[in-house]
Amino acid sequence: MDDLNSWRGVTGRMRNFWFDIACWVIAIPLGALPVVRSFAAEPHDVDFRRDIRPILSDKCFQCHGPDGDRESELRLDLEQSVKELRDGVAAVVPHQVEQSLLYQRITTNDDSERMPPSESGKSLTPREIELLRTWIEEGAPWAGHWAFEEIVPPSVPRIDGDWARNAIDVFVQQRLTAAGVPPSSEVDRRTFIRRVSFDLSGLPPSPEEVEQFVNDSHPLAAERLVDRLLGSPTFGERWGRVWLDLARYTDTTAEWLNSTGQAWLYRDWVIRAVNDDMPYDRFVQLQLAADSLPDVELEDLPALGFLGLSPTYWKELRLAPDVIKQVVADEWDERIDAVSRTFLGLTVSCARCHDHKFDPISSQDYYALAGVFASSQLGDRPLLPQDEAARVMQARESVREIEEQLGKLKTDETEPRQGLEQQIADIRNSTPHYDAVSAHVMVDSSIYVEADGPDLTKLEYRPGEARDLPMFVRGNPSNTGKVIERHFLSVLSKDEPRKLNNGSGRRDLVEALFTEARDLTARVIVNRVWEQHFGQGLVRTPSDFGSQGDPPSHPELLDYLANELIRHGWSLKWLHREIVLSATYRQSSLSHPEGKTVDPENRLLWRMNRRRLEVEMLRDAMLAVTGHLDRQQGGSAYDLDGPSQQRRTVYGQIHRHDLNRVLRLFDFPESTSHSPHRIHTTTPLQQLFVLNAPFVQQQADSFAAQLAVESSDQARIEMCYHRLFGRTPDATELEAGREFLSSAHGEHATTVLADYVHALLGLNEFLYID
Amino acid sequence: MSDLVTPAFESPPVQSRRSMMRTLGGGMGSVALLNALAGESRAIASTASHAPPRAKRVIHLFMNGGPFQCDLFDPKPLLEKYAGQRPESADLRTERKTSGLRPSPFAFQPQGESGLPVSELLPYLSKCIDDICVLRSVHTENPNHGPALLLMNNGTILPTRPSMGAWMSYGLGTENESLPSYVVFCPGRPVRFSILWTSAFLPAEHQGTYINHSETAPEKLIPFLRNETRTVDDQRRQLELMSRLNQRHLEQRAGDTQLEGRIRSMETAFRMQFAATEAFDLNQESKSVREEYGEGHFSNGCLLARRLVERGVRFVQVYYGNGQPWDTHSNHDATSRKLCLDADRPMAALLTDLKRRGLLEDTLVIWGGEFGRTPTTETAAGDSGGRDHNHYGFTMWLAGGGVRGGMTYGETDDFGFKAVENPVPLHDLHATILHLLGLNHERLTYRYAGRDFRLTDVAGQVIEKIVA
């Protein structure tokens, strides 16, 4: 094995810091009971958030929730309603199970009385009834939804043993010990550098990098490796793409927009910001409101592409205004959805037609936010100082009008054609920077859908003016209620919600995200980064932190990291570094019986999850290991199916409505809406790509040509293994390779080397990261 | 991803396919590979049934968007009488606001020996009515497309559970190792997309293989179906090498199911190159058969479905169209007429063709949308002649595969709004479909995260009355 150098002796410095912190000793190990509930640190404790609220939410809220049918006064989402007396009885009397109407109604033998009623199609399991009983017996403690609570910075507990390397590990070990599951052993250096290189750069390490790291005797070898990867521009290419999934990035916008904007400016801005470790608060601020903030550099205007590249829907003005109002409202809805899920992990869109069924988000909150988007329009902006940009935009508009006239001319009208063409040339020549690139941006301008005569519709824009929207009763824009002043979500506000009324309100919205909603915002981004590194989030529903979402597996760890992220000036590179240097991250991906029995889903993180390369990594790795990768950064997108395109996949063209088939095959998300995370599938069609795609064949063929100069089959095989897998082949693998290479005769002899490379590119070892 | 977990067929009468493979040694990959390398497409049929199967294969014609039951199979004369009114029993809340009752303008005639009423919109299918069991009282839980599609396919709105097709594939395996056991056709994509055919926690090989059949040449249907520069022999040698090396890699990693799934997937891909070219080639059909099915995406989908089930594919879903074509929120009558004109002929051709080939008796055909539509007029955006989603009661039909033909089961109320007699919840439908396949829905379980999961969760009753 290559694991020559011990990892140990590196982190003594870090190891001491929690000894000083107020600490508590963890519970005695339970012994490995194969019981699901053994995950709980205190097995007999019923936790309202973890155990009770999900039951109430799943089984009861339909009638007794925020938007329940009004037959029932009882609201099981409100503590007061649950515990107050009605006609002398209360649904829950703390400590008094028999006095609690709720308990009576869920356990009665009378079918007509029993809750939930059979027609709801829902029923409680004995386990759930038992939990409710215990909860009442223990005094029915109530707690708000975890995600909406402020972070109380958790202290890092003291823990035995020397497994932990940093605070992350302490929280992880605490739960593992409680469940009686040992962590997995640390991986060797070869596995580690492969894992961390893909995670941080999206590329495999080169053979030289592997050897250098494996033989690095410096006590901080791992730290130095990670710092190098974090400092490389490839980091932004990998992590920028993660962000672009959330932002539903596309290179092509709808043709009716007549856009001159260049989408890639936004993609490149994201990559650059990630590489610069732009603080996350600034990163978000610029994306939502770069146009309305002071001291924004021109180069940061493309940040607005997050909203500026939003999907738009066709508005057929020959239809009635009622229909078009719906279309326009659908656009606002999509933007609310993208913003609320990306930054807050909340599905605010659910409140469009009624109060959110499960989360405390009212329709009023929804229309308060919708007003912000009704007051902001998509636009293009040449990347020039304001006055020059205005001149260029004016000139372009004139050219567009002339082009329209040109289009109406008949082919034989030569003279007028020449005249108009001359006009265009004059405008272009007399306007400095006429061809300057334009970014997709947002401008403060409100939209109104108005009748145009009895049947038709017109859209009216009022630049610089904001508007508050009326509520749309049951989501119907033609059935309006009272006007709602633009304001931030009530549930995340301590007092009166912040007004969103400076300009469109986008700037206020960002301030709210990092003031009253700060802790949630931090938890959401921490979880996203975590999920990418481990293949599974601490919260497994990264864009739904509401009550229907998944509760965190390690709430204290999530809060600890969120709090530390804020303390570290929202530096995401700090977070990456902390994660990939932890002992938790360095675990082997091999399964072990204790873990498998107690926690088959690996929620407790007793090992690393084995992960499949995402399509960008697969394609880039094929280019990289065969020596073809063109590392040119940035610029306009290229056709992924083009003949000789060897740039990184992140620069390949994304069509919103016609996704490239290779991307589609390998689970790339549609860019029509926010994608919380990728879903990984394994299909024969993917394997056909590996077996037959000209792209793969080309890489194999030309790598084979490079290999041909090596002196022997053994040398060729070894080179393949070093390039593709970062290791030396063992005797069996060498033998298999030799056999394959020597078995070819006649016409096969010329292609056998390429076939060998091709087969190795198709191996699981190439596609999966241990 | 999860580790290998034991699939729990409760005391299977015969050794399951999975354990059989394992007993043979070397994991599933190697056994399947032996077949592949021998150039055989040996049927590895299921031995995991709980009862003798009536159906061996399923074709699901999915009218995505949701057709209106009272236009097609569930005539409601009282709609005329109460036109424009909204009696109390028709005062149900759906996704959008609706107002008074709107009668269907389409006439019904008794058809076949059974004399079941079928709409004038379906002249071809009418002739097959004696093979069809019309379920008039299906209902589901959610009036929105996304959740309703999930309910119909996965039995739950949770995006984390396996789809019905994945359960079938898991329960029965495939009869043709050279083709995927579960294929989904859509000329475009239905709402929610791939989650509708996910294998979730079941082994990855059971996931539906999605094919956009907007174009019908096999090479266009299936991207990268052929290698332009290598021969079959070259590839066979490559596959042999890959298999050998992958197998060692797998053994060193304690049989991780995702690695195993990919090995199998690679082998299927290899064989698909030959099997699929033939199976997906509509040009191999005679002119008369092509004419019988007619032209268009849906016709092609139906014909492809027949070709695949004929070759042992376990479950084929054909989504009628991209997005949700049956979602007639406006201009309902004219759109329905157009859709039926397109769909009627191929559906009838499929049933007739299956019957002629002796396949209908053990091929179950399922027809329906994710829900039905309201008998009331949608007014959410003004009255534009639309009907809203209706999850309270709608029609689906089953044919072949051990189902009694020429009968109706269940009834909706006087206006066709809500299932009132013998209501069929989706779990019952799923239980019945599995039953016809010889699978007991309570015993087709999979242990995952400490719990036995099943398609029907904790519900589901087989509708015995419709089983022949």
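Predicted model: local features only at pLDDT ≥ 70, side-chain atom pairs only at ≥ 80, totals over all residues.

Trainee: Which helix gives the largest share of the side of chain A that touches chain B?

Mentor: The contact takes 47 residues from chain A and 48 residues from chain B. On the chain A side, several helices each supply at least two residues, including α15, α29 and α30. The largest share, seven residues, comes from α26(A).

Trainee: Are α26(A) and α10(B) roughly parallel or roughly perpendicular?

Mentor: Their axes lie 8 Å apart, at an angle of about 70°. Angles of 65 to 115 degrees count as roughly perpendicular. So α26(A) and α10(B) are roughly perpendicular.

Trainee: How many charged residues are in the contact of α26(A) with α10(B)?

Mentor: From α26(A) come Pro684(A), Gln687(A), Leu688(A) and Leu691(A), while α10(B) brings residues including Met266(B) and Phe270(B). By class, that contact has seven nonpolar and three polar residues, and the number of charged ones is no charged at all.

Trainee: Now for a pair inside chain B: what is the handedness of the crossing of α12(B) and α13(B)?

Mentor: These two helices pack at an angle of about 15°, with axes 9 Å apart. That makes α12(B) roughly parallel to α13(B), because angles under 35 degrees count that way. Among the residues that meet there are Phe298(B) in α12(B) and Leu350(B) in α13(B). As for the crossing of α12(B) and α13(B), its hand is right-handed.

How values were computed:
Residues numbered from 1 in each chain as written. Chains lettered and ligands numbered in written order. Contact = placed C-beta atoms within 7 Å. Helix = DSSP H or I, 4+ residues; strand = E, 2+ residues; numbered from the N terminus. Axes fitted to C-alpha atoms, helices over the stretch in contact; angles between N-to-C directions. Parallel < 35°, antiparallel > 145°, perpendicular 65-115°, else oblique. Left-handed = near helix turned anticlockwise from the far one by under 90°. Nonpolar A, V, L, I, M, F, W, Y, C, P; charged D, E, K, R; others polar.
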